[in-house]
Amino acid sequence: MGKERKKSKGVVMHILLVKFKEEIIQEQINDIINKYANLVNLIDSMKAFLWGRDVSIEDLHQGYTHIFESTFESKEGITEYIAHPAHIEFANLFLPTLEQIVAVDYRPTELPKR
């Protein structure tokens, strides 16, 4: 068999795919994104935050329009994040604006070097 794939040590990626409700205006979405991004400054275990809009030409997005990606130091870091008062406050603002959401956590895995 070939070489084993190398998993990153500890790092966990937290991905959200979301579709905002139709009545949520762009100004509200911008405010939500800014508040989400600010969690990096408030929660130690959250190491990075990226976001973007779907730009796929394949039309396989199933209605999801925005992608949010956060980097954590470990699975335990995500547990700390979820329980953190700043995250709870944010989630109480964010979740009611959504029509659909999918959340996935994964450990990045590198292919073996050839």
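User: Is K47 buried, exposed or partly exposed?

Analyst: Relative accessible area under 20% is called buried, over 50% exposed, and anything in between partly exposed, with a 1.4 Å probe and protein chains only. K47, at 48% relative accessibility, falls in the partly exposed class. Please keep in mind that this is a predicted model, in which local features need pLDDT of at least 70 and side-chain atom pairs count only at pLDDT 80 or more, whereas totals for chains, interfaces and linings use all residues. Residues are numbered from 1 along each chain as its sequence is written, and side-chain values use heavy atoms, leaving out hydrogens and water.

User: Which side chain does K47 meet in a salt bridge?

Analyst: In general, side chains of opposite charge can pair when their charged atoms come close. The criterion here is a side-chain nitrogen of Lys or Arg within 4 Å of a carboxyl oxygen of Asp or Glu. K47 meets E73 in this way, at 3.5 Å from N to O. Since K47 belongs to strand β3 and E73 to the loop between β4 and α2, the pair ties together parts that are 26 residues apart in sequence. E73 is partly exposed, with a relative accessible area of 37%. For the names, helices (H or I, at least four residues) and strands (E, at least two) are DSSP runs, numbered from the N terminus.

User: How many salt bridges does the structure hold?

Analyst: There are three salt bridges. One of them joins E99 to K19, with 3.5 Å between the closest N and O atoms; this pair links distant parts of the chain, E99 in strand β5 and K19 in strand β2, 80 residues apart. E99 is partly exposed at 43% relative accessible area, and K19 is partly exposed at 22%. D31 and K35 form a salt bridge too, their closest N and O atoms being 2.9 Å apart, and because they are four residues apart in helix α1, about one helical turn separates them.

User: In what order do the strands form the open sheet?

Analyst: Two strands pair if DSSP finds at least two bridges between them. Four strands, in the order β3-β4-β2-β5 and with antiparallel pairing, form the open sheet; β3 (46-53) and β5 (98-106) are its edge strands, each pairing on one side only. Within the sheet, β2 (residues 12-20) and β4 (residues 66-72) are joined by seven bridges, and I67 in β4 is the bridge partner of L17.

User: How does helix α1 run to β3?

Analyst: Angles run from 0 to 180 degrees between N-to-C directions, and the axes are lines fitted to C-alpha atoms, for helices over the stretch in contact, where contact means heavy atoms within 4.5 Å. Helix α1 (residues 26-42) lies across β2, β3 and β4, at about 160° to β3. Helix α3 (residues 85-94) lies across β2, β4 and β5, and its angle to β2 is about 25°.

User: Which residues of helix α2 are buried?

Analyst: In α2 (residues 75-83), the buried residues are G77, I78 and Y81. Seen down the axis of α2, they fall within an arc of 100°, so they line one face of the helix; the arc is that of the directions from the helix axis to the C-beta atoms. On the other side of α2, K75, E76, T79 and A83 are exposed. The buried residues of α2 pack against β2, α1, β3, β4, α3 and β5.
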